[in-house]
Amino acid sequence: MSIDLSCEICDVTFKNPFILSSATPTKTARNISRGIEAGWAGAVMKTLVPLEYARVYPRPRFKIYWLKDQGAYPKIIPRSFSITDIEEGSHLNPEDYVKELDNAKKAVGDDGVIIGSITAGDMDTWQKYIELINGSRADILELNFSCPYAGEPGTKKKGEKLGWTLMYMAEDVLRLAKKTCSIPFTPKISSQTGEVDDWAKRFEAAGSPCLTLSHRISTLDVDIESGKPIPFGCIGGFGGPYLIGFSLKWIAKAAPKVNVPIIACMGMLEWSDTIKYIMVGASAIQSCSAVMVQGYDVVKHWLKMINDYMREHSYTSIKELRGIALNQINPPTMVERGNEGVYAVVDRSKCTGCGICKRCCFYFAIDTKEGKAEINLKNCDGCGLCHEVCPENAIVAKKIMEKDAYPRPDSKSYHGHYMPKLNSKQQEICRLSEE
Ligand SMILES: Cc1cc2nc3c(=O)[nH]c(=O)nc-3n(C[C@H](O)[C@H](O)[C@H](O)COP(=O)(O)O)c2cc1C
Ligand code: SF4
Ligand code: SF4
């Protein structure tokens with residue numbers, strides 16, 4: 001069975017859905033060629049920025065939170081990690097940026113899609129940069145309105161207008177790009193300016209043929225000895241795999257509202273994330289953090305795993321997967337509630353008697369007796385928290401009987417959608433517990 005992983009975005013063909021997002025791994029033609037050689041379908045070059053200070057970086061400039069201190073590193077890369085850094089834009093000036101972009105295209109040819117990335121704080125500079133890219137060999141242009149660091153002022157200080165604070169002017173820039181840009185363009189939308197799906201609609205209406213959703217969020221950390229912000233003394237940015245749910249949500253909310261392709265960005269770590277992004281409507285996926293800690297070759301594993309997954313599930317093309325989750329995302333009102341007959345059950349052969357489940361049972365339903373956890377069904381709500389915290393997977397909340405054996409502590413008769421039919425003995429217990 002042959003599997004087609006390719007995707008089309010604005011008539012540009014990507015050999016697979018994986019794009020290196022604009023960041024350190026795409027700062028030069030050499031970096032980009034190395035990525036395309038590893039198997040990436042495209043690369044967004046690091047953003048061209050107008051302000052000189054943003055082209056010069058501190059040394060060192062990276063801090064990775066929650067990576068090495070999570071125990072299993074480097075065997076397992078924890079989903080929790082987040083890179084913070086000061087690298088707002090490309091180190092290159094506009095002329096050298098275009099040369100580097102051209103060198104990248106020359107080096108990769110038809111094997112990879114080259115995407116330029118620009119940002120600016122005023123319309124004249126946007127126009128100048130769009131014209132520069134028009135004169136380059138780039139296949140697509142990304143318009144960056146989303147950097148979480150650039151332009152973020154201090155608490156009592158003014159900052160430059162750059163980064164995510166540019167969202168206010170983005171629609172004007174898109175109208176300009178529609179008139180003057182000679183290649184397809186895609187705005188990279190900040191994830192921290194409210195409703196990303198509303199912005200997506202507005203950006204489509206302003207003429208955008210594609211959307212990149214979304215970017216990191218700006219954050220702060222403080223040294224408790226000095227009270228100074230760390231690691232760089234300013235407001236920084238968090239992003240990475242732990243934010244995948246945030247990113248999936250925005251794509252799922254935007255996809256049904258727009259008719260242009262969406263390039264997902266933020267949160268990629270496992271090959272299965274790709275499938276999720278496509279199921280909520282994305283056409284391709286950009287990745288940065290996963291590459292920065294695992295290198296370009298991580299894409300080889302993702303490609304193999306996706307091929308295996310598609311073969312096992314009899315999918316022959318990415319198109320067949322696109323958007324299939326969207327109709328299945330319900331409002332919380334439709335969640336089945338008050339499920340009867342569900343209780344915690346302990347597998348005594350696995351239980352070590354550590355007591356972790358007991359301390360986390362907020363219904364006081366667990367005791368440890370003779371070195372094993374024991375459930376008091378009269379108190380157990382079937383909430384399942386004990387399973388989530390048990391290090392041995394020795395406890396699970398599951399349906400073990402047709403009806404509830406006892407009235408539930410949290411399911412009172414005044415809850416309209418939970419009206420258990422109690423026998424007389426249960427009614428008596430209920431009466432006593434309410435007294
Ligand atoms: C060190 C570093 C540099 C970055 N530089 C840029 C940049 O120049 N332009 C840009 O649009 N995004 C930049 N980003 C953001 C990434 O392109 C990406 O949007 C973000 O990290 C979220 O994706 P991820 O979860 O896969 O890391 C940078 C991120 C990092 C960590
Ligand atoms: S957390 Fe698991 S292993 Fe520990 S006492 Fe509870 S059931 Fe047993
Ligand atoms: S399912 Fe919930 S209520 Fe029941 S024992 Fe586990 S933590 Fe306690």
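Which residues of the largest nonpolar core touch the most other members? The legends below begin with that view; the model is predicted.

**View 1. The largest nonpolar core.** Ile19, Ala43, Leu213, Ile251 and Ala282 touch the most other members of this core, which holds 89 residues. Among the elements, helix H9 (residues 298–312) contributes the most, giving six residues. Apart from this core there is a second, separate one of 12 residues, with Cys357, Cys386, Cys390 and Ala394 among them.

**View 2. The contacts of Leu213.** Neighbours within four places in sequence are left out of this view. Leu213 is then in contact with Ile189, Val196 and Ala200, with Trp250, Ile251 and Ala254, and with Ile262, Ala264 and Cys265. Leu213 and its contact partner Ile251 are both listed among the core residues that touch the most other members.

View 3. The shell around ligand 1 consists of 26 residues, of which Ser21, Ser22, Ala23, Cys288 and Ser289 come nearest. Two elements give two or more residues to this shell: strand E6 (82–85) and helix H8 (289–294). Sorted by class, the shell has 13 polar, eight nonpolar and five charged residues.

**View 4. The loop that carries Ser226.** Ser226 lies between strand E12 (221–222) and strand E13 (229–230), in the loop that links them. Ser226 counts as exposed because 8 other C-beta atoms lie within 10 Å, and the cut-off for exposed is 12 or fewer. From Ser226 to Tyr406 the C-alpha to C-alpha separation is 56 Å, and the two residues are 180 residues apart in sequence.

Methods: Residues are numbered from 1 along each chain as its sequence is written. Chains are lettered from A and ligands numbered from 1 in the order in which they are written. This is a predicted model: local features need pLDDT of at least 70, side-chain atom pairs count only at pLDDT 80 or more; totals for chains, interfaces and linings use all residues. A residue is near a molecule or strand if its C-beta atom, placed from the backbone, lies within 6 Å of it. Helices (H or I, at least four residues) and strands (E, at least two) are DSSP runs, numbered from the N terminus. Ala, Val, Leu, Ile, Met, Phe, Trp, Tyr, Cys and Pro count as nonpolar, Asp, Glu, Lys and Arg as charged, and the others, Gly among them, as polar. A nonpolar core is a set of buried Ala, Val, Leu, Ile, Met, Phe, Trp, Tyr and Cys residues joined through C-beta atoms within 7 Å. A residue is buried if 20 or more other C-beta atoms lie within 10 Å of its own, exposed if 12 or fewer, and partly exposed in between; C-beta atoms are placed from the backbone. Two residues are in contact if their C-beta atoms, placed from the backbone, lie within 7 Å.
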